[in-house]
Amino acid sequence: MLVMTGTGTGVGKTITTAAIAALAVDGGQRVAVLKPAQTGVRPDEPGDLQDVLRLAGAKVTTRELRRYPDPLSPEAAARRSGLPTLDPGEIARAASELDGDHDLTLIEGAGGLLVRFDGSGASLADVAWSLGSLVIIVAEAGLGTLNATALTAEVATKRGLTVAGVIIGAWPAEPDLASLSNLEDLPVAAGAPLLGVLPAGIGTASPEEFLAAARAGLSPWFGGEFDPELFAGCASAGK
């Protein structure tokens, strides 16, 4: 079981979740993706789980616990809409149920590790702790990502969580100096290895192209072929 968190919104968390799921399915595993709270999407609109299914395939089991129309934190969106909030116990129970029938369960949070689910301040960190799950941090490539990644990792560690690694969720086609430098510095900030770099824009790829990109961009830890030192050398040479 893996808890997928980001250093913020729009960092490529859903694409990274889909990439891990795609590799696992291709490797013959039974995969489930749990999205505790989907915000900013109306009931009749496709959400993050539809993107996971489109990219990783219909064999993935998906489950969404709450949906709120406003693009806010789950707690704020629930308050605005008058809909019920979530608590870590409900999320943990749903994750455990899915994990009992699957080889890999991915729990995709909303925003960062401490984004609130309810008025008590419950967050994805509480869910990860209750499940004893490893945490994957999805980070941006460029300037400012080191501080956000370090803060996320420090909070995780202080709460008794284990950060398995960090993944860059959207690598730019033309990386700048900060992005190239961060290939070396992000693992230091996270206190965990760089487990992948996924190219920006692969969310529009076909399932076959997406699987190939996932294999090239994710570590053997996930069934991929990504080598951080080789990637850094090629990226620097290309620059």
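Tutor: Buried means under 20% relative accessible area, exposed over 50%, and partly exposed in between, with a 1.4 Å probe and protein chains only. The model here is predicted, so that local features need pLDDT of at least 70 and side-chain atom pairs count only at pLDDT 80 or more, while totals for chains, interfaces and linings use all residues. Residues are numbered from 1 along each chain as its sequence is written, and side-chain values use heavy atoms, with hydrogens and water left out.

Student: Is Glu64 buried, exposed or partly exposed, and why?

Tutor: Glu64 counts as partly exposed because its relative accessibility is 27%. Glu64 belongs to strand S3, residues 61-68, where strands (E, at least two residues) and helices (H or I, at least four) are DSSP runs numbered from the N terminus. Contact means heavy atoms within 4.5 Å, and, residues up to four places away in sequence not being counted, Glu64 touches Lys35, Gln38 and Leu49. From Glu64 to Leu124 there are 60 residues in sequence and 15 Å in space, C-alpha to C-alpha.

Student: Which structural elements cover the buried residues of H3?

Tutor: Helix H3 spans residues 74-81, and its buried residues are Pro74, Glu75, Ala76, Ala77 and Ala78. Their cover includes strand S2 (31-39) and S3, the strand in which Glu64 lies. Just after H3, Gly82 takes a positive phi of about 80 degrees.

Student: How many residues does the largest nonpolar core have?

Tutor: A nonpolar core is a set of buried Ala, Val, Leu, Ile, Met, Phe, Trp, Tyr and Cys residues joined through side-chain atoms within 4.5 Å. The largest one has 40 residues, and Leu34, Ile168 and Trp171 are those with the most contacts inside it. Apart from it lies another core, of 35 residues, among them Leu55, Ala56, Ile136 and Ile202. Beyond four places in sequence, the residues that Ile168 touches include Leu183, Leu186, Leu194, Val197 and Leu198. Thr16 sits in helix H1 (residues 13-26) and counts as buried because its relative accessibility is 0%.

Student: At what angle do the axes of H6 and H7 cross?

Tutor: Two packed helices are described by the angle between their axes and the distance between the axes. Axes are lines fitted to C-alpha atoms, for helices over the stretch in contact, and angles run from 0 to 180 degrees between N-to-C directions. The axes of H6 (residues 145-158) and H7 (residues 177-190) cross at roughly 25 degrees and come within 8 Å. H6 and H7 are therefore roughly parallel to each other, since angles under 35 degrees count as roughly parallel, over 145 as roughly antiparallel, 65 to 115 as roughly perpendicular and the rest as oblique. Their contact is made by Thr145, Leu146, Thr149, Ala150 and Ala153 of H6 with Asn182, Asp185, Leu186, Ala189 and Ala190 of H7. Thr145 is buried, at a relative accessible area of 2%, and, leaving aside neighbours within four places, it is in contact with Ala139, Glu140, Asn182 and Leu186.

Student: How are H4 and H5 oriented to each other?

Tutor: Helix H4 (residues 88-100) and helix H5 (residues 124-131) pack at about 50 degrees with their axes 9 Å apart, and they are therefore oblique to each other. Pro88, Ile91, Ala92, Ala95 and Ser96 of H4 make the contact with Asp126, Val127, Ser130 and Leu131 of H5.
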